[in-house]
2 protein chains.
Amino acid sequence: MTPGAAPAHRGIEPLGHEVPSTVPTHWYNLAADLPEPVPPHLHPGTREPLTPADLAPLFPMGLIEQEVTTERYVEIPATVREIYSSWRPSPLVRAHRLERAIGTRARVYYKYEGVSPVGSHKPNTAVAQAYYNAVEGITRLTTETGAGQWGASLSMACALLGLTCEVWQVRASYDAKPYRRYQMETYGSVCHPSPSDLTEAGRAILERTPDTTGSLGMAISEAVEAAAKDPAAHYSLGSVLNHVMLHQSVIGQEVLVQLAEAGEKQADVVFGCAGGGSNLAGLTFPLIGQNLREGTTTRAVACEPAACPSLTQGEYRYDHGDVAGLTPLLKMHTLGNDFVPPSIHAGGLRYHGMAPMVSHVVELGLMDAVAVDQDEAFVGGVEFARAEGIIPAPESTHAVAAAIAHARTAAEGEVVVIGLSGNGVLDLPAYSAYV
Amino acid sequence: MTPGAAPAHRGIEPLGHEVPSTVPTHWYNLAADLPEPVPPHLHPGTREPLTPADLAPLFPMGLIEQEVTTERYVEIPATVREIYSSWRPSPLVRAHRLERAIGTRARVYYKYEGVSPVGSHKPNTAVAQAYYNAVEGITRLTTETGAGQWGASLSMACALLGLTCEVWQVRASYDAKPYRRYQMETYGSVCHPSPSDLTEAGRAILERTPDTTGSLGMAISEAVEAAAKDPAAHYSLGSVLNHVMLHQSVIGQEVLVQLAEAGEKQADVVFGCAGGGSNLAGLTFPLIGQNLREGTTTRAVACEPAACPSLTQGEYRYDHGDVAGLTPLLKMHTLGNDFVPPSIHAGGLRYHGMAPMVSHVVELGLMDAVAVDQDEAFVGGVEFARAEGIIPAPESTHAVAAAIAHARTAAEGEVVVIGLSGNGVLDLPAYSAYV
């Protein structure tokens with residue numbers, strides 16, 4: 001029961017119990033339907049496209065294959081689907097009371113990922129990543145986390161699948177939001193503030209900027225370094241990479257089914273918050289794929305924080321995913337890998353870059369992007385909470401606020417979908433400061 | 001958007017949208033099926049059975065009628081049912097991975113109320129109570145809260161139904177768990193630590209015991225006094241009273257349907273945590289009613305904290321619900337209305353008495369009771385979290401631990417149901433202290 005102790009059981013094998021047919025059987029891969037291929041990741045030294053061997057020190061082969069596959073559907077392993085079934089499908093709820101409160105003529109729905117055990121969408125990929133590592137014999141995962149949703153999610157997944165987990169958390173969040181650390185520790189993980197003196201990357205950063213509040217880019221450098229030094233360990237990333245977008249596609253696939261069940265022909269517009277891009281991609285890619293294959297006309301809108309506006313203000317170019325330059329070069333919208341965003345409440349949106357698949361989709365004109373001011377986001381969050389009961393995560397409030405602004409002047413009968421990536425229960429001090 | 005400001009909309013009228021048939025249409029009242037009637041509440045002055053007029057200063061007539069009704073089913077108002085439908089039915093989940101972890105031969109299920117907007121079962125009655133007050137023209141509710149789940153739930157309900165809400169929170173929890181207060185404030189409520197200098201009852205307690213950490217009994221005195229002084233205000237109680245047991249019956253009614261859907265003939269044993277009794281009653285009364293009407297043999301087990309053991313150590317007699325003696329006399333298992341329990345983590349279980357209906361049912365031999373030590377409860381909570389992903393509320397861990405202990409030696413195929421009254425996301429410091 002001490003932090004870092006391996007759970008007494010391992011849980012890789014499927015239990016073989018029935019899983020409801022409403023839980024997706026496959027992940028959906030937008031790469032199969034795009035008119036132009038996603039630019040490859042490049043080796044940071046050679047600037048040549050990455051080979052599987054380049055990624056093997058950090059990732060299991062199951063995930064490396066998913067990173068480059070162009071198959072439209074990838075089967076979800078039985079064990080992963082069994083675990084999903086304890087909270088999936090997540091609800092798609094008609095926001096009747098919000099509609100009345102704001103006087104919209106639209107029909108507004110929210111897809112609520114806050115019902116997962118850690119209260120966000122992150123376990124959708126955490127469980128998959130822990131699974132593929134466990135089946136290839138890895139016993140320890142390292143990762144970074146911002147607000148802590150990802151670290152908590154991977155910790156949960158590791159507890160369920162018999163792995164140990166070590167998390168580097170951005171110093172600003174580590175200090176301001178200790179509850180997420182307690183959550184990780186309850187699942188048996190160890191959590192360090194980043195930058196730390198446990199890695200070369202961390203020590204170098206601390207020497208240059210001893211008072212830094214940290215960043216996701218720094219924490220990634222530390223977690224990658226720690227994994228690279230341990231043959232029994234791999235590294236796990238909660239967003240940005242293609243395989244993460246793939247795993248999150250359960251969200252949007254469920255939305256398509258649930259909208260049809262509600263009698264809707266299509267979502268006319270869907271709003272998702274955009275940090276690294278995983279919630280956004282999971283929510284919107286299945287709908288964009290339907291546009292490309294079947295001619296539906298769903299408009300997807302990425303809602304990013306004005307304080308960290310990679311899509312609306314960044315350059316579209318190859319850049320590193322981390323500060324130290326240890327990661328591959330990714331073609332993405334970036335504010336520069338040394339960009340340190342202000343300490344906004346939406347810690348999960350404080351990333352200098354954007355997922356290459358999301359960036360590519362925006363470049364192709366298949367998705368729009370807007371920047372939302374933090375105050376405006378909280379106004380939307382409080383309005384939502386007082387009408388629907390759920391207090392949205394600060395990240396999600398960016399989508400909520402943009403959707404409310406849109407819905408106020410929407411056409412009669414327009415179908416609006418809000419991606420509620422998580423609840424704000426562990427972000428209540430931010431609401432308190434705002435209210 | 002400031003605390004205490006009335007929401008801009010009122011939401012009493014039903015919206016008229018379709019509600020899934022899986023959301024209960026009626027509340028179930030065990031009083032209709034009991035072999036002996038529940039002893040009446042007595043007037044604190046005359047010791048005569050209470051009349052509706054005695055309760056009218058504090059409660060709306062709709063709830064006063066429910067307090068004494070012996071009808072088996074009470075229709076759920078359309079507005080309440082519409083609000084329920086955004087998170088009900090709550091899931092009944094087979095705990096496959098916990099079963100494997102503990103090696104049980106039983107089939108273990110958990111009924112998870114943590115999917116509600118505030119993460120516990122409390123909104124089931126909060127929404128109903130706010131509704132009946134709102135339709136009778138009340139504009140302000142006062143209440144007490146321990147750990148804060150009830151205060152947050154009533155705050156949410158008041159926000160949705162256009163009421164203002166003022167909460168007295170037990171000082172120990174107010175200081176140790178500020179997140180719940182932030183939650184109340186986000187919904188627009190005002191929260192005071194209790195005892196406070198805002199009421200005569202509070203001032204009297206502070207004079208006698210200036211360093212007290214407070215108790216639910218004290219906070220009730222303050223909230224009752226504040227409501228009694230304002231004709232536009234009523235008081236709202238989150239547990240103990242008969243109408244609260246009634247509203248919570250949605251839990252157990254859903255369990256019956258969900259077990260049948262899972263192919264189970266009956267629950268053989270159901271474990272619920274016991275504080276004031278509302279979660280326990282909601283979970284078990286529909287099953288006990290089925291025993292009485294149809295001859296099923298479900299065993300119901302109340303799981304209370306060893307530190308506040310009203311059912312297993314208290315006297316069964318008439319006692320006040322509060323410290324100051326302002327409330328009616330209730331026939332219940334009580335540790336005495338001046339009992340101040342130790343500051344255990346399960347703040348929601350720190351009440352000196354037990355719901356009269358639960359007490360009566362235990363006296364009739366229709367329910368068992370066990371006391372669970374706090375450490376044992378946390379062992380169960382962590383074991384559950386690392387197998388199933390959900391971190392249970394400290395209150396719920398009492399039921400979890402008792403169920404795990406039972407399941408380890410259960411007979412082949414026994415059906416065990418755990419009432420997971422809420423999640424422990426806002427109680428993570430307690431887990432951290434334990435781990």
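Predicted model: local features only at pLDDT ≥ 70, side-chain atom pairs only at ≥ 80, totals over all residues.
Chain A is assigned two domains. Domain 1 of chain A covers 30–36 + 55–81 + 122–235, and domain 2 covers 87–119 + 243–434. Their centres, taken over C-alpha atoms, are separated by 22 Å. In the contact between them, 48 residues of domain 1 of chain A meet 44 residues of domain 2 of chain A. The size of an interface is often given as the accessible area lost when the parts come together. For these two domains of chain A, the buried area is about 3,500 Å². Carbon and sulfur atoms give 63% of that area.

Charged and polar pairs also cross the domain boundary. Two salt bridges are counted between domain 1 and domain 2 of chain A. A:R293 pairs with A:D33 in a salt bridge, with 2.8 Å between the closest N and O atoms. Between the two domains of chain A, 14 residue pairs are in polar contact, both residues being at pLDDT 80 or more. On the side of domain 1 of chain A that touches domain 2, at least two residues each come from α2 (61–68), β2 (73–75), α5 (123–135), α6 (149–161), α8 (178–186), α9 (200–208) and α10 (216–228) of chain A. That side of domain 1 of chain A holds 26 nonpolar, 13 polar and nine charged residues.

The interface of chain A and chain B was treated in the same terms. It takes 46 residues from chain A and 47 residues from chain B. The two chains bury about 4,700 Å² between them. Of this area, 64% lies on carbon and sulfur atoms. Two salt bridges are found across the interface of chain A and chain B. B:R100 forms a salt bridge with A:E13, and their closest N and O atoms are 3.7 Å apart. Twelve residue pairs, both at pLDDT 80 or more, are in polar contact across the interface of chain A and chain B. The side of chain A that touches chain B draws two or more residues from each of α3 (78–84), α4 (96–102), α6, α8, α15 (374–388) and α17 (428–434) of chain A. The most come from α15(A), which gives six residues. By class, this side of chain A has 28 nonpolar, eleven polar and seven charged residues.

Nine of the nine residues of α8(A) are buried, so the helix is largely enclosed by the rest of the structure. Among the buried residues are A:R180, A:R181 and A:E185. Just after α8(A), A:G188 takes a positive phi of about 100°.

Helix α10 of chain A contains A:E225. A:E225 counts as buried because its relative accessibility is 11%, under the 20% cut-off. Beyond four places in sequence, A:E225 touches A:T199, A:E200, A:A201 and A:L326. The side chains of A:E225 and A:K229 are joined by a polar contact of 2.9 Å. A:K229 also forms a salt bridge with A:E200, at 3.5 Å between the closest N and O atoms. This pair links distant parts of the chain, 29 residues apart. A:E200 sits in helix α9 of chain A, and A:K229 in the loop between α10 and β8 (233–235) of chain A. A:K229 is exposed, with a relative accessible area of 55%.

A:C303 lies in strand β10 (residues 299–305) of chain A. At 0% relative accessibility, A:C303 counts as buried. Its contacts beyond four places in sequence include A:F271, A:C273, A:V370, A:V372 and A:H398.

Over all chains, the count comes to 39 salt bridges. In chain B, B:D33 and B:R72 form a salt bridge with the closest N and O atoms 2.4 Å apart. B:D33 lies in the loop between β1 (26–28) and α1 (52–55) of chain B, and B:R72 in the loop between α2 (61–68) and β2 (73–75) of chain B, so the pair ties together parts 39 residues apart in sequence. B:D33 is buried at 11% relative accessible area, whereas B:R72 is partly exposed at 32%. B:R88 and B:E254 meet in a salt bridge of 2.8 Å, N to O. This pair spans 166 residues, from the loop between α3 (78–84) and β3 (92–94) of chain B to helix α11 (residues 242–261) of chain B. Both B:R88 and B:E254 are buried. In chain A, salt bridges that share partners join A:D33, A:R72, A:R293 and A:E294 into one network.

Definitions and conventions. Residues numbered from 1 in each chain as written. Chains lettered and ligands numbered in written order. Heavy atoms only, no water. Domains from an automatic or database assignment. Contact = heavy atoms within 4.5 Å. Buried area = accessible area lost by both parts, 1.4 Å probe. Salt bridge = Lys/Arg side-chain N within 4 Å of Asp/Glu carboxyl O. Polar contact = N/O pair within 3.5 Å; in protein donor to acceptor, adjacent residues only side chain to side chain. Helix = DSSP H or I, 4+ residues; strand = E, 2+ residues; numbered from the N terminus. Nonpolar A, V, L, I, M, F, W, Y, C, P; charged D, E, K, R; others polar. Buried < 20%, exposed > 50% of the residue type's maximum accessible area, 1.4 Å probe, protein only.
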